[in-house]
Amino acid sequence: MVQNMLKNDWFVQDSIEKTLENLIAESELELFTSTKREEFEQRLIDEVRMIGVYPVETEPAVEKYIREHGAELHEFARKVRERHLRKAV
């Protein structure tokens, strides 16, 4: 479970964007390695649901945010992966 691997301050109360970026940056990269944006978005949505950080009534807004900003989040995940790969070499 990703939640156990996240730093204590990864959840940013007033920012879905920063919370999602922290989740992507701190999680197991294989969760977010899909080259297809739609698959990436669904994996991110599934991960947010599994962690349960947002109340059920807030989840639709988070999912909407992911769908509307999927391209930017997908690009962020790609850059994070590249950084990790460079460090591993």
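Tutor: Let us begin with Arg37, a residue that is partly exposed, with a relative accessible area of 35%. Please keep in mind that the model is predicted. The side chain of Arg37 meets that of Glu41 in a salt bridge, with 2.6 Å from N to O. Both residues belong to helix H2, which covers residues 37-51, and they lie four residues apart, about one turn of the helix. In general, side chains of opposite charge can pair when their charged atoms come close.

Helix H2 holds another such pair, Arg49 and Asp46, which are three residues apart and thus separated by about one helical turn. Their closest N and O atoms are 4.0 Å apart in a salt bridge. Arg49 is partly exposed at 41% relative accessibility, and Asp46 is also partly exposed, at 38%.

For a pair in another helix, consider H3, residues 59-68, where Glu68 and Lys64 are four residues apart, about one helical turn. Their side chains form a salt bridge of 3.7 Å, N to O. Glu68 and Lys64 are both exposed.

As for the setting, the structure holds nine salt bridges, and the protein chain has four helices and zero strands. Of its 89 residues, 34% are buried.

Conventions. Residues numbered from 1 in each chain as written. Predicted model: local features only at pLDDT ≥ 70, side-chain atom pairs only at ≥ 80, totals over all residues. Heavy atoms only, no water. Helix = DSSP H or I, 4+ residues; strand = E, 2+ residues; numbered from the N terminus. Buried < 20%, exposed > 50% of the residue type's maximum accessible area, 1.4 Å probe, protein only.
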